[in-house]
Amino acid sequence: MYDRDPDGLPVPATASGIWLTERLRGLGTVYSMPFAVTFHGSLDEPALLAACRAVTERHPTLCSAVVERQGVPVRVPAALPPVPVVIDLTASPESAAAFEREEIARPFDTERGPLIRFTLLRTAPDTARLLVVAHHLVFDGTSTSILLDDLAAAYAGKALPEPDPEPDPLDLEDRIAEALPGARRFWQRHWAEPEDVSLPGLRAQPRPTAPGSAVTRRLDDGLRASVADCTRRLGMTAFQFTVASWLVLLHRYGNRRPVLGADFGTRGREDRERIGPWVNELPVSGIPDPAESFRSFAGRLVFDQGLRSDLRGLYHHREVPLARAVPGIRPAVALAPVTLGYRRREAAPVFPGVEAEVDWALPNRTARGALRVHMVDGPESWSLALHHDPEVLEHAFAERITDQWTELARTLAEQTDTALGDLPFASDEPGLVAAWNRTARPWPDTTLPTLFAEQAARTPDAVAVSDAEGDLTYRQLTRRAADLGMRLHALGVGPDALVALAIPRSTAALVAQLAVLGLGAAYLPLDPAHPAARLAELVADSGAVLVLTDGGAPDGLAADGVRVLDLRRLPDAPAAVAPAPAPRPGDLAYVLYTSGSTGRPKGVEVEHRALVNLLMDFRDRLGAGDAHRWLALTALTFDICALELFLPLVTGGRVVMAPADAAKDARTVAALVRGHGVTHVQATPSGWQALLDAGLPTPGLTVLVGGEVLPTGLAHALVARATRVLNVYGPTETTIWSTAAELDAAAEPTIGAPLANTTVHVLDEDGLPVPIGLAGELWIGGVGVARGYLNRPALTADRFRPDPDGPPGSRRYRTGDLVRRRLDGGLDFVGRLDGQIKLRGHRIETGEIETRLLEHPAVASAAVSAVGTDPELRLVAHIVPAGVAPAPEDLAAYLRERLPAVMVPTEWSLLDAMPLTPNGKVDRVALRKSAAAPAAAAEPARDEPEADPTAEAVRAIWVQVLGVPGVGLEEDLFDLGGHSLTVAQIAARISAVLGVDLPLHVFYDDATVRGMAEAVDRARGRR
């Protein structure tokens, strides 16, 4: 496979994988391995520097660099040998930490070398610190112990052994080739692509590498003793215990098939004193059964009793890189989102005359994957470090994961035979959740008509509602509602009746709502613009006794036997009508139909008590009073209209009624706000984006935004221009809004904490609480929970469940929304259970893609559709540009830097405006229909004889590199035995022969001769 290079030798297989991975993208210092020794006392500085030189002479690999020769990484002497550097910081010892961070962050030039640096920092006459930074191309964890032992011996004046003969990489390749068939058979049975990981607080799927932070912890002696006793009883090592315990923890975090990428040492007996990258990362997978004990699970994991990839089997195949054994695996820094490095070390080396304290593994400030777990197991201590990307996993959650593993490890060690599902976990969480759900407030147990009547009595002459025709005072509004109520009561409308209102948003509609509610009846809002057949279906399904219109409803609206009356042509009220009984708090206030997942709309029944609770919360939350003017902008069929209509009427404020078609014109809305001195406006994020362009919000305006996910950029824009911004969330089934968060300029948007007399629970698919920071389904309890679905008892029973933590008869509503609880108790919206898709085995929330797109300065609005079915499923991005339209390839490149490749849309649609539903939300049905339009027919595949010169040149390169007699145009490179290193060799030859440098991902996207030839032609501009 290799040709021997006269100036150097090919690097070992593990180093070649490291080298190839670094070529794919800038990885920062992910492969830097820093450690340090702090000396206290009278250090013999010349002796230490001489010892550094002696160590590098004994281990020539430390004096090397790695260059490419025909696609093969070759180790050659470094341009300069490693020279220890002394830095005197005695005048400013406080600068040592910053200097050390900068030195660790300094990248290596792997082609010039050397690949190790020694820096001695003098911070006081009796204190010095030797910082060593090595590159993983020539180093591993065990190399640290070898180097320090040699360094201590040389410092003590001992002669180091002569350099051992370097192992011939060709012999190592022969060894791998001999083991390869068995490794392939093993992985054919056991390999499965790792799924996206679930971790507490993980805000997005992690990047391959990123600037990192670390949580470091010295584990206490009690835990160490418990684990030691457990491993003796179970006949396993501390490393095996650690792997098993992390798999149990990942399973507790909701990973149904947890995978841990673990480092396996590959040193043979003859290599025990050699410095180098003698380590191979391999994935370990095991699925704990909650009904089994840790003894059972660990036994299966360690001793090959049915797990997917047992440790014993992995040990036998540890020398073979996974990319050689499993076709098509792309080079990657990590083979799984969570990886483990575990090192056993002997006692710390002794440096005569000084006290030496070793930091065996310093953070290199680069994260790889979701978590890198690094454990060092020494005779006097056991330490743990969790490296992570603080952009996607905040430091507080990394600390929490550390605490939870520590707690779990102790429990597993001490309760070895207890069923895993019965073990306590994160014991502080139930108390925290209970505290966050203590939202009880003693509101009056009353109704909306009572609250309105009380307010009208206090301020009868104040203006209650304004529209294009003028103003109505509270007295006038009360009289008009009472007059209409008498007419309706004479027609038989009374308690428990349901009246349909096919009336656009208007003062007349508000009067009708108050009149119906005052009779103890409930109203059902209908959109008169909808087809008559649909409206008639809703009327029939609801059992409404009457339909009120203002003359604009379509013919044929009513169901059989239901009267349709025009408000402008109602019969006169009789001279004497018996008063209707006053409504009670438990009476129905309104029924609102929402879309059903089965295609059949369902009517949500909301009682007065629930509506009053919502109004009382926002009364206090907003300090509502007579100075507040609310813009009534929302259609009556969108439940949030009740807040903007009724809150001002029960607190002495004013409703400013927007014309029926105003919501379609942001400039008209802006003019209304300015002309009437509006103080409060609520709209969806899509609606607010349009209002921003029209000049809203303005100082003095309070903004309520809800109904959709609020993008960070839009949130910050609103905060910058408004007095207050509240992000609110709630399904119709829990009465308008259930949670709220007041936003500031620095914070990421959150849907916040529960309203008064409301509880929120984040549960898994089994109905059990998930740990704080993990995504789960949101269940909402409390006063705001609706009565249920009208005439749908089975559906009501399914979605509304008894609340085990509430008073007798109370219920929780399961929302179908995925949320994640923050450490402060607030909630982050993640997505919909029914909006989650699975693409090539990856769980994808289209909302995450949309959020990333909205962070691009050239994107004003974005929505992502999933069209088709797996494996033909495709992601389509719909974009409204912010100014000049961005190129789709630029947006794709932007996403590839922030998301896994599987989440990057393959099709792009540029829009002038995002289609919206009547409620102001993105019309995703319309988007999916446009995205599902038939695509242009694909170019028919060419027959084998039509191969062009480029394809023939690529074919010849394959034959040369693979050593096979012939290759078909459509044969897969990896089916022919190709792997990451052969990809590098093919890439080098294509560059030399055809003059094109192809990105390495091309060789994995279409691993055929034809695919590579087409990529070459595209690069040349031929296609």
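Rings of Phe, Tyr and Trp (for Trp, its six-membered ring) form a pair if their centres lie within 6.5 Å; planes under 30 degrees apart are called stacked, over 60 edge-to-face, and the rest tilted. Please keep in mind that this is a predicted model.

**Exercise 1. Aromatic pairs**

Task: Find how many aromatic pairs the rule gives, then classify the pair Phe186 and Trp187.

Solution: 
- Step 1. The rule gives a count of 14 aromatic pairs.
- Step 2. Between Phe186 and Trp187, the ring centres are 5.0 Å apart and the planes stand at 85 degrees, so this pair is edge-to-face.
- Step 3. Now check burial, for which the cut-off is under 20% relative accessible area. Phe186 has 3% relative accessibility and therefore counts as buried. Trp187, at 3%, is buried by the rule as well.

**Exercise 2. A pair across the sequence**

Task: Classify the pair Tyr729 and Phe829, and work out which strands it ties together.

Solution: 
- Step 1. The centres of Tyr729 and Phe829 are 6.2 Å apart with 45 degrees between the planes, a tilted pair.
- Step 2. Tyr729 belongs to strand S29 (residues 724-729) and Phe829 to strand S37 (residues 827-832), so the pair links parts that are 100 residues apart in sequence.
- Step 3. Tyr729 is buried, at 9% relative accessibility, whereas Phe829 is partly exposed, at 28%.

**Exercise 3. The bend in a helix**

Task: Where does helix H5 bend, and which of its residues are buried?

Solution: 
- Step 1. H5 spans residues 169-190 and bends by about 45 degrees at Leu180.
- Step 2. Look for a proline: Pro181 follows within four residues.
- Step 3. The buried residues of H5 include Leu180, where the helix bends. Phe186 and Trp187, from Exercise 1, are also among them.

**Exercise 4. Inside the nonpolar core**

Task: Identify the residues that touch the most other members of the largest nonpolar core, then trace the contacts of Met375.

Solution: 
- Step 1. This core has 83 residues, and Leu199, Trp246, Phe294, Met375 and Trp405 touch the most other members.
- Step 2. Helix H7 (residues 238-252) supplies the largest share of the core, 10 residues.
- Step 3. Beyond its neighbours within four places in sequence, Met375 is in contact with several residues, including Leu219, Leu340, Trp246 and Trp405.
- Step 4. Another core, of 82 residues, lies apart from this one; among its members are Cys52, Ile146, Ala953 and Leu969.

**Exercise 5. Charges over rings**

Task: Which rings do Arg117 and Arg318 lie over?

Solution: 
- Step 1. Arg117 is over the face of Phe108, 4.3 Å from the ring centre.
- Step 2. Arg318 is over the face of Tyr315, 4.0 Å from the ring centre.

Methods: Residues numbered from 1 in each chain as written. Predicted model: local features only at pLDDT ≥ 70, side-chain atom pairs only at ≥ 80, totals over all residues. Heavy atoms only, no water. Bend = angle between axes of the 7 residues up to and from the residue. Helix = DSSP H or I, 4+ residues; strand = E, 2+ residues; numbered from the N terminus. Buried < 20%, exposed > 50% of the residue type's maximum accessible area, 1.4 Å probe, protein only. Core = buried A, V, L, I, M, F, W, Y, C linked by side-chain atoms within 4.5 Å. Contact = heavy atoms within 4.5 Å. Lys NZ or Arg CZ within 6 Å of the ring centre and 35° of its normal.
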